[in-house]
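Dear colleague,

My notes on what was found in it follow directly after.

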Amino acid sequence: MFTVKSNIHQFDTFARFAEAFQLGKGDLVITQTFIHEPYIRGLNLPCTFVMQEQYGAGEPSDEMIQRMMDDLRGTDYQRVVAVGGGTVIDIAKLFALGCLENVTDAFERKIPIVKRKGLVIVPTTCGTGSEVTNISIAELKQKHTKLGLADNAILADDAVLVPELLTTLPFKPYAFSAIDALIHATESYLSPKATPFSRLFSEEAIRLILPIFAGIAKEGADYRLGHLEAMLRASTYAGIAFGNAGCAAVHALSYPLGGNYHVAHGESNYQFFTTILDFYAKRNPTGDITKLNALYANLLGCGEAPEVLYPALDKVLSCMVQKRPLREYGMREEECEQFADSVLERQQRLLANNYVPMSREEIVSVYRKLY
């Protein structure tokens, strides 16, 4: 009914983590310069360091990961240490398999997925929850979509929470990642695979996140700085929840938008979030969504009816991330059907977790509504 395979740790500072884990020779640390300079460089650790941004900007792609692996082929490392956000973490999970000849083959499962290196993940954003999940997501450039590799071979041996690392996170990536955590918690709550155990983590994540968002809406972006530990913990709670119960249609429908128009993951997810919830509520208004709506309504101080609740939720979330018509990202109207076909072909892993099934016509109708 419930599994958490990674050991979870927390340290006040990166220096204390480095000492406790005895980082040194034999450790391949994948990170970014803006994290390395303030938190890591002064420790003079004898690790092999790779700066992810030297291989490309934005979210991970098969090409980015392949270039990195080709450059590191022959490097002697026994443990991979990811210190970064979703891009760094997704890349590091692949390195736990060793330096692959063809990264795309792993995502398409054309090769055995075997863990060959230790894996430690230290998140520097507060949304992916990837430190405790068995999923790595990458854009497959040739196929114009994102694809997930889900396998226990890429689970972290240790997930390490260091609130200090969020202090320099700008508001925009904070907002994108934090909304992603809320969506993880919500989708996993409604998943048919949810259990009473996984829902404990879904609910607690929502209870932690929404009041912080309401505080930001009321007092401004700096409000988040007094609640970094809570948001980091909420992200991990949500990761534990969706690692057990799975995400669903919000993520599935967002992937073609992100893959084709390079929209940040949390931003693209939010474009679909309340529309999918409203679709669910109309299709099955008496199921588990009633409990979820009651939880949201209590935290937001509004009514539980979808026509009241979801606009109230959007009002708070819009202070974090703006909702935009999909055409503003460059999407064309004919892609409503093309994206639906892509989702049905490539995202069945996610669609299987929908609160209610969605037909092709219903998926197309969501894209058209948001277009």
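Glu333 is partly exposed, with a relative accessible area of 47% (buried means under 20%, exposed over 50% and partly exposed in between, with a 1.4 Å probe and protein chains only). Its side chain meets that of Arg368 in a salt bridge, at 4.0 Å from N to O; the term stands for a side-chain nitrogen of Lys or Arg within 4 Å of a carboxyl oxygen of Asp or Glu. Arg368 belongs to helix H15 (residues 360-370) and Glu333 to the loop between helix H12 (306-317) and helix H13 (335-346), so the pair ties together parts that are 35 residues apart in sequence. Helices and strands here are DSSP runs, numbered from the N terminus (helices: H or I, at least four residues; strands: E, at least two). Arg368 counts as partly exposed, at 39% relative accessibility. Through shared partners, salt bridges join Glu333, Glu337, Asp341, Arg360 and Arg368 into one network.

Please note that this is a predicted model, in which local features need pLDDT of at least 70 and side-chain atom pairs count only at pLDDT 80 or more, whereas totals for chains, interfaces and linings use all residues. Residues are numbered from 1 along each chain as its sequence is written, and side-chain values use heavy atoms, with hydrogens and water left out.

Further salt bridges

In the whole structure, the search finds 25 salt bridges. One of them links Asp288 with Arg199, whose closest N and O atoms are 2.8 Å apart. Asp288 lies in the loop between helix H10 (265-283) and helix H11 (289-300), while Arg199 lies in helix H7, so this pair ties together parts that are 89 residues apart in sequence. Asp288 is partly exposed at 26% relative accessibility, whereas Arg199 is buried at 16%.

Glu335 and Arg332 also form a salt bridge, with 3.5 Å between the closest N and O atoms. Here Glu335 is buried, at 4% relative accessibility, and Arg332 is partly exposed, at 40%.

The sheet and its helices

Six strands make up an open sheet with parallel pairing, in the order S1-S8-S5-S4-S2-S3; two strands pair if DSSP finds at least two bridges between them. Strands S1 (7-10) and S3 (48-51) stand at the edges with a single partner strand each, so one side of each has no neighbour in the sheet. On average, neighbouring strands of this sheet are turned by 20 degrees against each other, direction ignored. For these angles, axes are lines fitted to C-alpha atoms, for helices over the stretch in contact, and values run from 0 to 180 degrees between N-to-C directions.

Strand S2 (residues 27-31) and strand S4 (residues 79-84) run parallel and are joined by four bridges. Ile30 has Ala82 in S4 as its bridge partner.

Helix H2 (residues 33-40) packs on the sheet and touches S2, S3 and S4, its direction making about 135 degrees with that of S3. Contact means heavy atoms within 4.5 Å. Helix H8 (residues 228-245) likewise packs on the sheet, where it touches S1, strand S5 (118-123) and strand S8 (158-161); its direction makes about 175 degrees with that of S1.

Ala230 is found in helix H8 and is buried, with a relative accessible area of 17%. Leaving aside residues up to four places away in sequence, Ala230 touches Leu208 and Ile212. Between the C-alpha atoms of Ala230 and Phe14, which are 216 residues apart along the chain, the separation is 18 Å.

Two loop residues with positive phi

Which phi value does Gln22 have? It is near 50 degrees, a positive value in a residue other than glycine. Gln22 sits in the loop between helix H1 (14-20) and S2 and is exposed, with a relative accessible area of 66%.

Arg109, which is not a glycine either, has a positive phi of about 55 degrees. Arg109 is found in the loop between helix H5 (103-107) and S5, and it counts as partly exposed at 45% relative accessibility.

Finally, Leu200 has its place in helix H7 (residues 196-219) and is exposed, with a relative accessible area of 54%.

With kind regards
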